Number of protein chains: 2
Amino acid sequence: MRSHYCGELTAKNISEEVTLSGWVHRRRDHGGVIFLDLRDREGLTQVVFDPDRAESFALADSCRSEFVVQIKGLVRARPEGTVNPNMVTGEIEVLGHELEILNRAATPPFQLDDHQTVGEDIRLKNRFLDLRRPEIQQKLRFRSKVTSVLRSYLDENGFLDIETPILTRATPEGARDYLVPSRTHQGSFFALPQSPQLFKQLLMVSGFDRYYQIAKCFRDEDLRADRQPEFTQIDLETSFLGQEEIMSLTEGMITNLFKELKGVDLGTFPRMPFAEAMEKYGSDKPDLRIPLTIETVSDLMTEVDFKVFSGPAADPKGRVAALKVPGGNSLTRKQIDEYTKFVGIYGAKGLAYIKVNDKSDLEEGLQSPIVKFLPVDVRQALLDRVEAQDGDLIFFGADQTHVVNEALGALRCKLGADLDLYTCEWAPLWVVDFPMFEETSDGGITAIHHPFTAPSCSPGELQANPLTALSQAYDMVLNGTELGGGSIRIHQAEMQQTVFELLNISAEEQEEKFGFLLDALKFGAPPHGGLAFGLDRLVMLMTGSASIRDVIAFPKTQSATCLLTQAPGEVNEKQLKELSIRVRKPVAE
Amino acid sequence: MRSHYCGELTAKNISEEVTLSGWVHRRRDHGGVIFLDLRDREGLTQVVFDPDRAESFALADSCRSEFVVQIKGLVRARPEGTVNPNMVTGEIEVLGHELEILNRAATPPFQLDDHQTVGEDIRLKNRFLDLRRPEIQQKLRFRSKVTSVLRSYLDENGFLDIETPILTRATPEGARDYLVPSRTHQGSFFALPQSPQLFKQLLMVSGFDRYYQIAKCFRDEDLRADRQPEFTQIDLETSFLGQEEIMSLTEGMITNLFKELKGVDLGTFPRMPFAEAMEKYGSDKPDLRIPLTIETVSDLMTEVDFKVFSGPAADPKGRVAALKVPGGNSLTRKQIDEYTKFVGIYGAKGLAYIKVNDKSDLEEGLQSPIVKFLPVDVRQALLDRVEAQDGDLIFFGADQTHVVNEALGALRCKLGADLDLYTCEWAPLWVVDFPMFEETSDGGITAIHHPFTAPSCSPGELQANPLTALSQAYDMVLNGTELGGGSIRIHQAEMQQTVFELLNISAEEQEEKFGFLLDALKFGAPPHGGLAFGLDRLVMLMTGSASIRDVIAFPKTQSATCLLTQAPGEVNEKQLKELSIRVRKPVAE
């Protein structure tokens with residue numbers, strides 16, 4: 001029904017007879033002729049109908065926004081002075097000869113151009129109209145290209161695309177599972193997978209060597225701006241490769257993607273140990289576009305006559321740290337108050353600061369409510385430590401280490417955005433050398449990644465010092481977002497049992513939940529490891545989208561009331577009864 | 001951990017030092033040296049350890065089947081007389097210098113070579129071992145190639161890969177839905193999609209123009225040899241293309257696939273109207289590899305003195321038909337009895353036949369229990385009708401038309417297989433011109449495809465003659481298997497409402513179930529249509545697999561008791577309680 005897409009006509013097509021099909025984006029009546037801007041997936045073309053052809057003129061006149069039409073006509077150059085250099089098709093127009101209305105449209109509840117003034121609820125309820133916006137079309141199209149480029153790379157590198165089940169058993173990923181009551185096994189249920197983790201490990205045990213899947217995963221959690229209860233993972237796993245080789249292969253995947261689709265060379269990703277990331281950036285996913293770093297000053301503060309600092313400085317679990325903002329002494333009192341409120345979200349009880357007006361004058365040159373508590377030699381040592389210059393501002397965090405890290409880490413990112421401190425557009429890195437475990441509030445230990453992650457030491461060493469043991473886990477971070485994470489997995493049953501025991505999983509529970517995995521490890525499991533990337537997040541980042549709803553065609557929403565926005569349906573009585581029967585245990589038990 | 005895959009070493013690698021990693025497929029102790037056949041994804045290589053290197057010799061000696069090892073060694077030509085021409089690597093062997101045992105293996109519950117003598121239950125329970133069999137590895141690898149080739153074709157043809165939700169509303173596909181109780185909306189539930197049908201139509205309304213997805217779909221039905229409750233569809237939809245264009249595009253997709261992966265030219269697919277397929281082949285998915293056809297002989301039988309024939313011949317809903325088997329008069333009485341039993345499965349009450357020994361002698365030359373009921377002129381007309389030759393056998397069906405079609409259609413396929421009548425390896429075709437509706441047993445009507453299929457006529461004509469109206473539906477059939485089916489969809493609200501009314505769906509139900517679709521059709525829906533292919537079935541066909549379990553890594557089974565074979569899990573008390581709460585309606589309602 002078309003010879004060309006609307007968006008692809010240029011001066012090269014002048015004098016060609018064309019057939020176009022699409023939507024009436026705009027209809028104008030100007031100087032006795034009718035202009036229709038015809039829209040399809042590829043763009044807009046201006047079509048002109050003049051009264052010489054009475055039939056098509058009358059039909060064009062009757063068209064309204066979003067009518068679906070097919071036109072035949074002649075491509076010609078636009079009259080001088082009417083060329084639109086902002087449009088791909090701006091040099092030409094089509095003189096319409098014939099017009100057929102393929103479908104009419106009622107007046108839309110909102111104009112596509114006006115989407116920003118229309119509430120998101122209305123747009124989501126009429127998602128089929130909202131999705132006509134060129135902006136979101138481009139983003140979903142970009143997403144399609146992303147998966148295509150990723151797949152090509154993985155195909156070329158010998159990865160096999162293997163599907164794993166959606167109706168599966170509950171796996172121990174930590175979040176709440178969606179459960180599907182079984183019809184044939186009453187009182188039993190399937191779980192939707194939080195990730196294909198165990199399946200991909202089994203595929204390695206089976207010898208598939210390199211596996212990937214763009215996999216739907218599910219977590220029954222509340223919605224967030226960057227999280228949907230169903231999400232998509234680029235999931236991969238390899239055998240007989242070490243950590244460095246897996247990192248290099250997947251780094252290549254992402255650099256290739258950015259080169260192909262954005263023309264950007266991400267370079268070689270720096271590596272940063274987890275401990276350094278926490279210390280200098282207060283985060284395990286530091287945004288390296290921002291040049292600010294956090295400096296520990298605890299050692300300077302142990303003796304000062306200021307409990308707020310000396311307390312945490314002396315506490316092994318406490319920290320006093322400084323965050324220097326170059327040129328920051330122009331911040332107003334009001335701005336500083338706002339930042340104080342901001343760090344409060346992360347548990348900080350205040351936000352001490354020093355404005356460095358004249359660093360050569362340690363008495364009068366430092367402007368701060370707290371400077372009076374600091375002896376002059378501490379002031380000097382502090383300025384030296386953070387390499388302060390006149391005009392800088394120094395923020396302080398002093399509290400439990402994790403509070404300081406979270407508060408100053410978040411403040412660092414906020415300052416970066418507020419003051420536009422970015423030194424580059426893209427800042428990727430690998431965070432490595434994660435600890436295996438962390439302490440829980442009740443004194444137990446929990447896995448930082450998942451319990452299948454291999455430690456960097458032997459089972460005996462792990463048992464002796466679980467909290468200081470490092471894992472062979474690695475996260476890929478871009479612009480402060482975790483793009484993907486993975487690890488070398490445990491491939492020997494003995495090590496896996498050691499980890500289960502440290503996590504206080506009883507032998508019985510091990511057998512019940514992970515018997516098949518322990519079995520598999522006993523029959524010749526190869527060394528293996530892999531990674532999972534969040535596709536939704538990757539596309540958000542690459543398209544500069546603030547909301548996940550811009551990169552998913554049919555997102556779920558809190559207030560959703562129609563299929564388009566995917567609220568669960570109401571049960572009718574018959575279905576409710578059947579569902580109850582499925583859930584109930586058989587009477588015989 | 002490897003310089004080469006085991007399977008890729010040839011004479012070209014002689015004198016190279018290589019590193020291999022993989023599984024010990026077989027260990028032999030022969031003439032004082034140890035032979036390890038080392039296996040990885042790509043194949044086997046023979047590695048030889050001699051006692052000169054005591055350490056690696058001892059390690060090799062300690063290896064058992066399925067141990068995971070890494071070896072370093074020198075590729076050399078096999079000694080004369082020991083070359084194995086059946087192996088890719090049969091000209092060479094590796095002289096092992098070093099060996100590291102990466103993981104040990106307990107004695108496997110079955111030998112990979114012995115899988116045929118091992119019960120399927122044991123193999124499925126130990127699926128991670130079963131999947132090591134080269135045969136199934138090849139099939140899953142082939143599946144991965146199939147999706148890769150299909151995706152490339154669709155990418156090149158402007159299709160966008162767009163994901164649709166898995167947690168969705170019940171759609172009216174006819175089968176039983178899997179239901180997922182909602183946590184946040186108690187008494188409500190999600191359904192897992194039986195297909196992305198409505199979503200892809202909405203994507204067309206949104207202007208995406210060409211969509212595809214390799215999509216997981218779900219039907220809560222019992223298992224079959226070629227059906228799993230979760231299955232994979234190659235799902236696609238286009239706008240502004242007519243039926244012929246869509247058929248040509250998707251025919252190109254399949255011919256390209258066969259050319260790329262099997263080196264087979266499927267040629268141009270013939271088109272066959274549904275009525276002809278039923279009449280001549282007794283099936284809407286005729287296997288055209290088999291040259292037999294079914295001929296109607298009702299008109300010859302109306303007057304014969306044999307109620308079994310004359311009854312159906314006179315009944316407008318009845319049919320008498322003949323199926324000629326060239327050379328079939330060599331079939332024994334026992335074989336014919338078995339075929340009689342076989343057609344009984346399809347409701348046939350018997351299986352009349354005539355053996356044509358000498359067609360020139362209409363009295364003695366025809367051997368049959370029923371020939372005595374047929375006047376000589378009818379005998380002659382019958383032989384002429386089916387173009388019988390001496391040595392042929394003619395089977396008869398006489399009953400309600402649908403019984404005759406099913407019975408003779410199935411018999412035709414069985415004869416084709418039993419007597420190896422196939423005239424070619426691949427026989428594709430399109431079946432077209434399906435009726436819109438068929439009568440249900442209670443006198444109502446039901447859609448043959450789905451209620452979104454466009455008829456070939458106007459709403460008025462459809463209303464006047466619903467049962468004779470044809471649809472714009474089309475099925476792609478290969479070797480008697482339906483590979484895919486699709487249709488032009490209804491794109492105008494008026495036509496959609498007419499179909500809903502004919503299907504006796506009340507205005508209220510229309511609004512409740514399909515309100516969003518009717519809405520979407522009112523705001524500028526383009527003409528659109530598409531197709532869905534069954535990936536599992538396609539791969540089965542292309543790999544010659546009799547069971548769907550050969551083309552799915554982790555299939556579900558009836559007797560499954562472990563995660564590998566995906567039985568639903570048992571609920572524990574806490575989960576059962578939570579699940580019950582999710583299902584129960586809130587008390588307030």
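In chain A, an automatic or database domain assignment gives domain 1 (6-103), domain 2 (134-193 + 212-266 + 530-574) and domain 3 (290-423). The centres of domain 1 of chain A and domain 3 of chain A, taken over C-alpha atoms, are separated by 62 Å. The model is a predicted one, in which local features need pLDDT of at least 70, side-chain atom pairs count only at pLDDT 80 or more, and totals for chains, interfaces and linings use all residues. Residues are numbered from 1 along each chain as its sequence is written, chains are lettered from A and ligands numbered from 1 in the order in which they are written, and side-chain values use heavy atoms, with hydrogens and water left out.

The contact (heavy atoms within 4.5 Å) takes 115 residues from chain A and 115 residues from chain B. About 10200 Å² is buried between the two chains, with carbon and sulfur atoms giving 59% of this area; buried area is the accessible area (1.4 Å probe) that two parts lose on being put together, summed over both.

Between chain A and chain B, 6 salt bridges are counted, each defined as a side-chain nitrogen of Lys or Arg within 4 Å of a carboxyl oxygen of Asp or Glu. A salt bridge joins the side chains of A:Lys216 and B:Glu163 (3.9 Å, N to O). On the side of chain A that touches chain B, the largest share, 9 residues, comes from helix H4 (residues 134-156) of chain A; helices are DSSP runs (H or I, at least four residues) numbered from the N terminus.

Over all chains, the structure holds 72 salt bridges. Within chain A, the side chains of A:Glu276 and A:Lys280 meet in a salt bridge (3.6 Å, N to O). Both residues lie in helix H7 (residues 274-281) of chain A, 4 residues apart, about one turn of the helix.

How values were computed: Helices (H or I, at least four residues) and strands (E, at least two) are DSSP runs, numbered from the N terminus.
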